[in-house]
Amino acid sequence: MTNSEKQQYIDARREYIESQFSHLNPKQREAVMATEGALLILAGAGSGKTTVLINRIANLMRFGHASDSDVLPAGASPSDVDVMRSGGKQADLFAALEPVMPWRILAITFTNKAAEELKNRLQMMLGDAARDIWASTFHSCCVRILRRDAARIGYPDNFTIYDTSDSQSLIKQIMKDLNIDEKRFAPRAVLAEISKAKDQEISGQDYLQTYRKMGDQWHATIGEIYIEYVKRMVSVGAMDFDDLIANTVKLLDANEESRRYWAGKFQYVMIDEYQDTNNLQYRLAALLSSEWHNICVVGDDDQSIYRFRGATIENILSFEQQYKGARVIRLEENYRSTKHILEASNAVIRNNRGRKGKELWTRADEGEKLQLYSAMNENDEAQYVAARILEHYSQGRRWKDHAILYRMNAQSNQMENACKRNGIPYRIIGGTRFFDRAEVKDMVAYLAVLNNPEDDLRLTRIINNPPRGIGAKTVETATELARRDGVSLFSVIDNVRMYPELDRSAGKLAQFTTLIKELDTLRQNLPLNQFYEELMVRTGYASMLESKNTVEDRTRLENIRELLTSINGYLENAGDQPSLAGFLDEIALYTDLDNHDADQDCVVMMTMHSAKGLEFPVVFVVGTEEGIFPGTRAIGEPEEMEEERRLCYVAMTRAKEKLFLTCANQRMLFGRTSANRPSRFVEEIPSEHLERAGRTFLDRSSDWDGGIPSRSSGYESSYGSYGTYAARSPYDQRPQFRGSATGQSGFSTSFTRAMGSGNPAPSGGAYAPQRPKHTLASSGVKSAQAAAPDFKKGDMVKHKAFGQGMILSVQKMGGDALVEIAFDNVGTKRLMLKSAASHMTKV
DNA sequence: ATCATAACGCTTTTT
DNA sequence: GCGTTATGAT
């Protein structure tokens, strides 16, 4: 072909491929078609980043590197050009240039959920071929690599994975053995420090030496713990989360053969959420792309929220320096949020320095202004949120359209209660994970010991659980003997006869090892699920729980049975070769986020961190107060503060249509009541995007800059805007409270007391005395109480959210009552009367 | 050895 | 306020 024919071929090919991605915007398409070399995609919130990733993979599998190459396929002829131009059936054939095999594509995400979503969407688009794409998290990718190559770095291939609490137990043990005071060295902090050192690839020896030289005793001690920690981890064949990545990096670094194998395998490497990678993850990405040099990273520097665990925003800020010749594509069109939401978010994040700088825009409508509700206290705040949700529900929204986001898991309680008493179905994501429950950990420990008997930590956990007369003293001596002889704990108790020191408990220990061996035989001969049922019985764990028969033990029993469900789930998915080891891997890397089932019609509650990557029509960001969000730790620390602000940006940009921000003037947290001013982030939102309700604390006239305001100044300043609050209060829709600002506070107060949630303030307590008398503080309380007895058994009612129904029963509970109502459409619900009354009328 | 009670301290955020 | 752990009693 002539040069011009060649050019025509290339142009026609590019045009054809472009036409296959015409549903994307130009920037997105550019990112999809730039397949070769290093590529940084700066993808703002809601800019369709997953879509780009998926289409990019589709492009690779369909067309190979054709969209980004001037190479012609062998046997190309001018007539092919016409086929491509016409877009006929054969066009793909001529346009494709070495299509990429799915298993040569690696797409790394941050969470299992994101990986799962990626897999699902790929499968929808590409069919079964998508199954072979390596779409996984950093951690599970490393597990897969290490399961093959662990021997090369001195680990058994059945190595065990320790989660954070396992690691912490080990740290505690070590500190006990080394006589280190837990008060001066918080195990948490020690672990964090070790993790940091690992991320920097500093060995225990180097760490210790450096700090010894500097005369830094505190760090030197940590160095000692670090060394011992690594030693014990290796000796029991365990890796923690950091080790999974660190050891993979070590492997690829030190073992040329391994590196060539893995880096040679992955022709295209893609990393999502690149702004959240730490040094080790950066290194891993570099190593895995070191043969083909096709690395595409996607991220948003404004959404970097994992600095606390070593994520360095530098990775994304300096990508272009690290990968010479890298291309950069910015995706700035937002498809998620309305203008008010987006511009408010932009305004907040603009206060950060140290960012690449980017302004999201949208074609969407103005939408509604953000709502700021300044509540009296945490109960009032929760009640406000619940009331809004009920209101939306009655207007036709689904429960699952709503998300409640908070800074820390501890805040979920009040919200949970508010949902409960209003009959709102909800789900909490995160918090104590299922696999963190003691009884589940116990059962998992049995499994872990069977999988790897060297696992001393797990062995000590279960050796006397359920109680079998093996006391702490016995375990202690056995552990010492094991250490003395350099063998595992299991081998000591397995050979009790050789240890006269253990004479007295030899019988009990022998019984235990017999049990373990029996179980091991069963394990080899039964499918995993059946084996597990045997395990529950033979260990005596199930009967231990059954015999006690308390409510807690009942749930515990349910929980260990629930583990069976997990096993069955694993067996269904594992396909090829299910194994105990495989199951343990899976649950070690599992988090509660993963089973967030978007189909369930429930209000979702989670931390702002967990919310990353999700979107909801209605979002409530609660607890927007100085000291909570931003947290105390961030105040006075510019870097931390920027991280908090990014978190705020993440939280705000989750909302598609409605965004509510709430704060409380007074809040009980950790058993202490405190008065916080509203978050600075809220003040950073231009007022044209904001509507305020509640006791607005935001008038800048007040003089609280000196820190926490004195009681009286705080309440006085809030008082000035009280009228506004009354007019906008959701409660002014309730006839019995209309026109009375204090009606609501009285309601809250009496409610708080009724629920016995421990507000130490007496009725009309801490804040009431500051109130002028004419505000009817007491009559507000009365009206709340008067409202309650209006509903009685047999009454027909109409509820704003649930429609018509009949009251089945009214049960007095404290100053409130529990009503059971059979609704015509949504079934029977149990509601707290005082909350429900405001949404109900008699018919 | 196991149970009960009391003191403790502690809260970011997650793989 | 919570759950965890240290202590002492049975």
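**Exercise 1.** Determine in which hand α26 passes α27, and characterise their packing.

*Solution.* In this predicted model, α26 passes α27 in a left-handed crossing, that is, the near helix is turned anticlockwise from the far one by less than a right angle. Helices here are DSSP runs (H or I, at least four residues) numbered from the N terminus. Next, take the geometry: α26 spans residues 541–548 and α27 residues 551–574, with an angle of about 155° and axes 8 Å apart. The axes are lines fitted to C-alpha atoms over the stretch in contact, and angles run from 0 to 180 degrees between N-to-C directions. The pair is therefore roughly antiparallel, the term for angles over 145 degrees. Finally, list the contacts (heavy atoms within 4.5 Å): Tyr541, Ala542, Leu545, Glu546 and Lys548 of α26 meet Asp553, Arg556, Leu557, Ile560 and Arg561 of α27.

**Exercise 2.** Identify which residues are closest to DNA strand B, and which side chains make polar contacts with a base oxygen or a phosphate oxygen.

*Solution.* First, 27 residues surround DNA strand B (a heavy atom within 4 Å); the closest are Arg309, Arg407, Thr591, Arg633 and Phe670. Second, examine polar contacts (N or O pairs within 3.5 Å). A base oxygen lies 2.7 Å from a side-chain N or O atom of arginine 309, and a base oxygen lies 3.1 Å from one of threonine 164. Threonine 607 places a polar side-chain atom 3.0 Å from a phosphate oxygen.

*Conventions.* Residues are numbered from 1 along each chain as written, and chains are lettered from A and ligands numbered from 1 in written order. Local features need pLDDT of at least 70, side-chain atom pairs count only at pLDDT 80 or more, totals for chains, interfaces and linings use all residues, and side-chain values use heavy atoms, without hydrogens and water.

Conventions:
Polar contact = N/O pair within 3.5 Å; in protein donor to acceptor, adjacent residues only side chain to side chain. Helix = DSSP H or I, 4+ residues; strand = E, 2+ residues; numbered from the N terminus. Parallel < 35°, antiparallel > 145°, perpendicular 65-115°, else oblique.
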